[in-house]
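Subject: Structure for you to look at

Hi,

Here is the structure I promised to pass on. Have a look at it first, then read my notes below.

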Amino acid sequence: MPLTLLPATLADVPVMTSIYLSAFQDVIAHDCFPRTSPHIKDWWTSSNMDDMKNQASARFLKVVDGDDIVAYAKWNVPVQQGSETVLGGDNPEDMPVWPQDANVELCDEFFGHLARERKRIMGNRSHYYLEIVATLPQHQGKGAAGKMIRWGLDQADRDGLEAYVEASPLAVPVYEHYGWTVVADFTLKDREHTESCMIRSPQQTSKA
């Protein structure tokens, strides 16, 4: 069956959580959120539901194969609230309360650094931020992620705005294919993990 891109709903969140925990299998993901703890899954489900209901900038997408959700993404889009532009994503000055059994020190170090780097690089510029892309392992490389990536990039190009993403070494070539370039790297101390911060400039859209 052809893959179909749709908005995600609250009813989809438990499945999305399972996809997230299956898709991210690197050492950092496991060390931050041990898969043996039931509290981890409950926290991710609750967190995504809260973002979907209350975060004005959040846009959750899903890709379905028939009746099955095989991938999801979270884009943060700039939203005007009064005189303020809300950009979404983690606040480096106010990190989440991590779930029971999570490695709190590592979560604060890793996700805190991501949030600080995004703030340092992007400042207060309006931009689109691809926060999460997760695909079931057996469906990776079949086009699901590309549908969700292109959705956000089309919006960014339409609005004439940059797009921002963080990427592991394996993901960097994928994002480069869509026009992102690496602008900064950081490696967690005492751990063999490097994360890249990437920006994509808006591209001109063809006019009919």
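Is Tyr 20 buried or exposed? Tyr 20 is buried, because its relative accessible area is 8% (buried means under 20%, exposed over 50% and partly exposed in between, with a 1.4 Å probe and protein chains only).

Before I go on, two notes on how to read all this. This is a predicted model, so local features need pLDDT of at least 70 and side-chain atom pairs count only at pLDDT 80 or more, while totals for chains, interfaces and linings use all residues. Residues are numbered from 1 along each chain as its sequence is written, and side-chain values use heavy atoms, with hydrogens and water left out.

Back to Tyr 20, which is one of the buried residues of helix 1 (residues 13-23). Helices here are DSSP runs of H or I with at least four residues, strands are runs of E with at least two, and both are numbered from the N terminus.

Now the aromatic rings. Rings of Phe, Tyr and Trp (its six-membered ring) pair if their centres lie within 6.5 Å; planes under 30 degrees apart are stacked, over 60 edge-to-face, and the rest tilted. That rule gives 15 aromatic pairs. In one of them, Tyr 20 and Phe 24 have ring centres 4.8 Å apart and planes at 45°, so the pair is tilted. Phe 24 counts as partly exposed, because its relative accessibility is 26%. Trp 43 and Trp 98 also make a tilted pair, with 5.6 Å from centre to centre and 45° between the planes. Trp 43 sits in helix 3 and Trp 98 in the loop between strand 5 (84-86) and helix 4 (104-122), so this pair ties together parts that are 55 residues apart in sequence. Trp 43 is buried at 17%, and Trp 98 is buried at 11%.

Which residues does Arg 35 touch? Leaving out residues up to four places away in sequence, they are Tyr 20, Leu 21, Phe 24, Ala 29 and His 30 (contact means heavy atoms within 4.5 Å). Arg 35 lies in the loop between helix 2 (27-32) and helix 3. Its side chain reaches the backbone oxygen of Leu 21 at 3.2 Å, and a polar atom of that side chain lies 2.5 Å from the backbone oxygen of Phe 24.

Another arginine to find is Arg 200, in strand 9 (residues 194-200). Arg 200 counts as buried because its relative accessibility is 4%. The side chains of Arg 200 and Asp 157 are joined by a polar contact of 2.8 Å (a pair of N or O atoms within 3.5 Å; within protein, one must be able to donate a hydrogen and the other to accept it, and residues adjacent in sequence count only if both atoms are side-chain atoms). Among the residues that Arg 200 touches are also Leu 153, Tyr 178 and Trp 180.
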